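Trainee: I am new to this structure. Could we go through it together, one question at a time?
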Amino acid sequence: MTSSFRSPAITGAHMDEILGGRRLRRNRKSDWSRRLVRENTLTTDDLIWPLFIVDGENVREPVPSMPGVVRLSVDEAVREAENAMRLSIPAIALFPNTDPDLRDASGTEALNDQNLVCRACRAIRAEGYNVGLITDVALDPYTSHGHDGIMDGEKILNDETVEQLCRQALIQADAGADVIAPSDMMDGRVGALRQALDSNGFRDQQILAYSAKYASGFYGPFRDAVGTNATLVGDKRTYQMDPANTDEALREAELDIAEGADMVMVKPGMPYLDIIRRIKDTFQVPTYAYQVSGEFAMIEAASAHGWLDGERVMMESLMAFKRAGADGILTYFAPRVAEVLARGR
Ligand code: PBG
């Protein structure tokens, strides 16, 4: 049925009267103009590339829930570090998939200075690449229960865990890590790490604090990659943040900065852009977003079905982080983004 409503003919003069000359589409009329008025930019300098390390040699083992992402043996990780440098990606972040036989209740393997992460650090350092090396401080890839801390029954012990994290960080720094990144969410860990690093002569090692890390369902594919989905008992809600909270993220960031964090991070990324914006506006410190495994997997899965234009959504998602105020993004897309940027869209 056609409606009997009538709308007036819109003439240019009529519209001029409505708009008073304010036509926002003028600036969008052509590519050069859109480029000229663009407020944010994404460059390779914004990228941090997370890599998964596994035992062996010449290993590139696909992670099923993260298409295109592989677990790398140390020699292959060295090759990817070189790739990062070639692609102008400033830094890489290392995560181990520890042999299940080496995992125990207290995460002893985290203190082995020949563990996967330390070996990878030394091997990459030895090449002299101009790439920042970020190492994750937390016990979950080393514990038989998959938690980030030491447990007493059901309880994650804060202070005992922090003591062990300090020892973990020291062997990473000694192996050549430039940036220590605590992802454990224990209280007081940043201050304790800073003291431990300084008193052992590692005053130049930066701390990138996972300040606002939420107890999120978006970490699923990562837990496949490092093998903690199989081991994790229960959930991480007693230490990671409640997704319903935002003021608490500011308190976490404030404490971490006061305790000596050089950089702060929000994680996950895209569902938490409001947190990035609030932290950046409040503290004006280098603020990073972690576009986590589940975010990556969603984009990849939809694009594999032809439901989304994967490359376009990848670039758009990263620009969204810049717009929200992030100074950089940890993303599994890093090498692909760098390639797109290099060919100059
Ligand atoms: C663990 C850690 C996690 C991630 C980084 N470090 C997962 C977790 O807390 O269980 C998640 C990264 C991702 O999902 O991409 N300390």
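Trainee: Which side chain forms a polar contact with that of Thr331?

Mentor: First, some ground rules: this is a predicted model, where local features need pLDDT of at least 70, side-chain atom pairs count only at pLDDT 80 or more, and totals for chains, interfaces and linings use all residues. Residues are numbered from 1 along each chain as its sequence is written, and side-chain values use heavy atoms, with hydrogens and water left out. A polar contact is a pair of N or O atoms within 3.5 Å; within protein, one must be able to donate a hydrogen and the other to accept it, and residues adjacent in sequence count only if both atoms are side-chain atoms. At 2.7 Å, the partner of Thr331 is Gln291.

Trainee: Where does Thr331 lie, and is Thr331 buried or exposed?

Mentor: Thr331 lies in strand E12, residues 328-331. Strands (E, at least two residues) and helices (H or I, at least four) are DSSP runs, numbered from the N terminus. Buried means under 20% relative accessible area, exposed over 50%, and partly exposed in between, with a 1.4 Å probe and protein chains only. Thr331 has 0% relative accessibility, so Thr331 is buried.

Trainee: Which residues is Thr331 in contact with, leaving aside neighbours within four places in sequence?

Mentor: Contact means heavy atoms within 4.5 Å. For Thr331 the list is Leu47, Ile48, Trp49, Pro50, Gln291 and Leu318.

Trainee: What is the distance from a nitrogen atom of the ligand to an N or O atom in the side chain of Lys267?

Mentor: A polar side-chain atom of Lys236 lies 2.7 Å from one oxygen atom of the ligand. For the side chain of Gln240, an N or O atom is 2.8 Å from an oxygen atom of the ligand. For Lys267 and a ligand nitrogen atom, the distance is 3.3 Å.

Trainee: How much of the ligand's accessible area does the protein cover?

Mentor: Accessible areas come from the Shrake-Rupley method with a 1.4 Å probe; for residues, only the protein chains shown count as cover. On its own, the ligand has 410 Å² of accessible area. The protein covers 100%.

Trainee: What is the largest cavity?

Mentor: A cavity is a set of points, on a 1 Å grid over the protein atoms alone, where a 1.4 Å probe fits but cannot get out. The largest one is the space taken by the ligand.

Trainee: Which peptide bond is cis, with omega near -5 degrees?

Mentor: Look at the loop between strand E10 (263-267) and helix H9 (273-283), where Pro268 has its place. The cis bond runs from Lys267 to Pro268.

Trainee: Is Asn58 buried or exposed?

Mentor: Asn58 sits in the loop between strand E1 (47-53) and strand E2 (60-62). Its phi is positive, about 55 degrees, although Asn58 is not a glycine. With a relative accessible area of 55%, Asn58 is exposed.

Trainee: What is the relative accessible area of Ser88?

Mentor: Ser88 is in the loop between helix H3 (74-86) and strand E4 (91-96). Ser88 is not a glycine, yet has a positive phi of about 60 degrees. Ser88 is partly exposed, at 41%.

Trainee: How far apart in space are Met66 and Arg194, C-alpha to C-alpha?

Mentor: Met66 lies in the loop between E2 and strand E3 (70-72). Met66 is buried, at 0% relative accessibility. Beyond four places in sequence, the residues Met66 touches include Ser293 and Tyr332. Arg194 is 128 residues away from Met66 in sequence, and in space the two are apart by 34 Å.

Trainee: What share of the protein chain's residues count as buried?

Mentor: The secondary structure of the chain comes to 12 helices and 12 strands. The C-alpha atoms fill a box of roughly 75 × 45 × 40 Å, taken along the principal axes. Of the 345 residues, the buried share is 52%.

Key
On a 1 Å grid over the protein atoms alone, a cavity is a set of points where a 1.4 Å probe fits but cannot get out, and a pocket is an open set with protein on both sides within 12 Å along at least five of seven lines; lining residues have an atom within 4 Å of a point. A molecule sits in a cavity or pocket if more than half of its atoms lie within 2 Å of its grid points.
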